[in-house]
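How do two chains meet in a model? Read the interface first, then one annotated span.

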Protein chains: 2
Amino acid sequence: MENFFYNIPTKVSFGKGAIDDLSGYISEYGDSVLLVYGGGSIKRTGLYDRIIKLLDCSHISHIELSGVEPNPRLTTVKKGVQMCLEHDVKVILPVGGGSTIDCSKAIAAGACYDGDPWDLVGHPEKIENAMPIIAVATMAATGSEMDPFAVITNEETKQKKDIASDLLYPAYAILDPEYTFSVPVYQTAAGVADIMNHIFEVYFADNGDTYMQDRMMEALLKTLIKYGPVAVSEPDNYDARANILWASEWAINGFIACGKDGPWPAHSIEHQLSAYYDITHGHGLAIITPVLMDYILNEKSLPVLVNYGVNVWDIEKTKAPYDIAREAISKTQKLYEDMGLTSDLGELGVPYEKDFDEMAEKAAAEGLEHCRVPLTKEDVVEIYRRCFK
Amino acid sequence: MENFFYNIPTKVSFGKGAIDDLSGYISEYGDSVLLVYGGGSIKRTGLYDRIIKLLDCSHISHIELSGVEPNPRLTTVKKGVQMCLEHDVKVILPVGGGSTIDCSKAIAAGACYDGDPWDLVGHPEKIENAMPIIAVATMAATGSEMDPFAVITNEETKQKKDIASDLLYPAYAILDPEYTFSVPVYQTAAGVADIMNHIFEVYFADNGDTYMQDRMMEALLKTLIKYGPVAVSEPDNYDARANILWASEWAINGFIACGKDGPWPAHSIEHQLSAYYDITHGHGLAIITPVLMDYILNEKSLPVLVNYGVNVWDIEKTKAPYDIAREAISKTQKLYEDMGLTSDLGELGVPYEKDFDEMAEKAAAEGLEHCRVPLTKEDVVEIYRRCFK
């Protein structure tokens, strides 16, 4: 097991009515918040009104930054920073999904940094301080409410990059599974694929004996496999939503990666697709993952794919190892299809071959030679091809 | 899933040479420490010298409280409190096992409380502040280095009680699996039984659908079952020690209990044995657990025992449910025996029948009527009887 440093300081209030204690958490830091949200779904569900009422009752003043984009932009971050400074805001209160929370993290760091927030990309050491964040999550997918990462898009340079620092873990995450009842079926399914990929990113790394972490990851994967389809067919199923939401946090908050490290190429390969064609990230991952698993199936990846098949999918361990691996891959693809996600990139409007070369080159440049099974640009082109039916 | 509040603030430095960053962690809080330890095994292993050198190099002053008892006493706590106040100590630095760390927690709370530290027993609300603790763990068992509990013995009143508060989570835990190489075989085995019992305490609770937590607990149990015997037969096996040590933290730091709550009677039943006959707590648990599981086996406990058998012990799920449960119980007992722990209370010097009635009455008074399978005093007497061969 590799050495590691564990630090997950976020406190979580989880369950029905978790929002009720919001004011108490805010009051630990002050009496003025920047309320950050996206397109307004929180107004339709009544969550916005509930929060405003809670703030008013506790005499907590607020200003609002709304309309945060699905890929939050640097200009929006800068706007938020300016609002914090002008209005002496003490706490940032994002209410929404990953984009809203990511944007808030960049604001939290930017408001304590004397310069352009974009400077902080790739420079965690420049983040010496950050404003406290209390995140109210309304969907299960990115896990941003309990992790230290923020992905920001610079519209001018057309770059989408990470800002990361342990100081960006939200102080509190408020997780009420009922808020996720209204997440549409398609986003629910894509979210489950995204969460599973967060786990695969670590599970397939090759760092010696991490028996405990590997079994913990299998526990999370089993949870998502059991409850993904339930949440899709019964959006108001509390147990399904609760298990998925709690699993989404542990898939990426840093816990499973303790003692493990190494790239899993799905993210890099998909990243180009959503950048070129604006497809849903989680759906892109759902298409690529089984194809990728099949492509890298060889003596080196066989043991972990057999573990995946036997421990996650309950495939009979007496079967031939390659059969176990192939069955696990095929079950993975079927899971995504059963949740309504097509396995055909063509159906998502991605043209065959057109940009494969360019996209593969960018993907390969993200370190795919360091994966358990190293991949070249040519490999990535072939993987794109196999994602068409 | 029940609502819950999650808060595990302890930062963990894990791995070979983790001690090297000790001074940096201390310096966040000040330049004077109270070094707390037990019988001196840290002097034999060289850890003491290493720590003193690190402190000296960083000009961190220290005073020492040594000789902390296996069941730390209130008088020792009071002595530590006085030392902190007289010498303007900024950080408490326990180096050792659960007793040393528990004692340090009580000192940390007592030094910030104007009154007798014993007042804090059962009164977490009286703990308004606590000194920072940086814990260096030298064995895997109690998990005290990453949990908020301290068990203290009041010699005058002959009571052994808990002090608990979220303020008592150590700020840092330094976990180098190599420090646990020198833990004797018997203590290693008893420690594994203790850790497994921490998990059983939560696993057998009945709180509706906690699918994710249940699978995570099974992952931890599998880790202990795989590596307990390895650590016993190869004390210097790093992977075994690392997996056990990391699992020991997650067995009791609060994570698995999120969304689950309910008593598991083994602790209460054993507690009397170690109080009356001073047997090793983990060994007592190893004897009682299989007997207890067998005793409570009925329609109500069957589902969880079948899960335990199939998911933890890999017992064929097509077998009859009661057969699966009995096989799992028998495998549990064999595991402990294989690690050198007798299943016979008589061999530990406990007299048959003598104090059963009195002990059972005390155990039953600890809320055993609220267990998944409720137990009376008479049940406990019968369980004690069955722990003799």
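The paragraphs below go from the interface to a strand pairing and then to a UniProt record.

This is a predicted model: local features need pLDDT of at least 70, side-chain atom pairs count only at pLDDT 80 or more, and totals for chains, interfaces and linings use all residues. Residues are numbered from 1 along each chain as its sequence is written, chains are lettered from A in the order in which they are written, and side-chain values use heavy atoms, without hydrogens and water.

Start with the contact itself. In chain A, 41 residues are in contact with 41 residues of chain B (heavy atoms within 4.5 Å). The two chains bury about 3,700 Å² between them, 62% of it on carbon and sulfur atoms. Buried area is the accessible area (1.4 Å probe) lost when two parts are put together, summed over both.

Which elements build the side of chain A that touches chain B? β1 (4-6), β2 (11-14), α7 (211-233) and α8 (238-250) of chain A each supply at least two residues. α7(A) gives the largest share, 11 residues. Helices (H or I, at least four residues) and strands (E, at least two) are DSSP runs, numbered from the N terminus.

β2(A) runs antiparallel to β1 (residues 4-6) of chain B, over three bridges; pairing requires at least two DSSP bridges. A:Ser13 stands opposite B:Phe5 in β1(B).

Now the record. UniProt, in an unreviewed entry, lists residues 9-177 of chain A as "domain: Alcohol dehydrogenase iron-type/glycerol dehydrogenase GldA"; such annotations may be inferred rather than shown by experiment. That span is 28% helix and 24% strand, with its end C-alpha atoms 21 Å apart.
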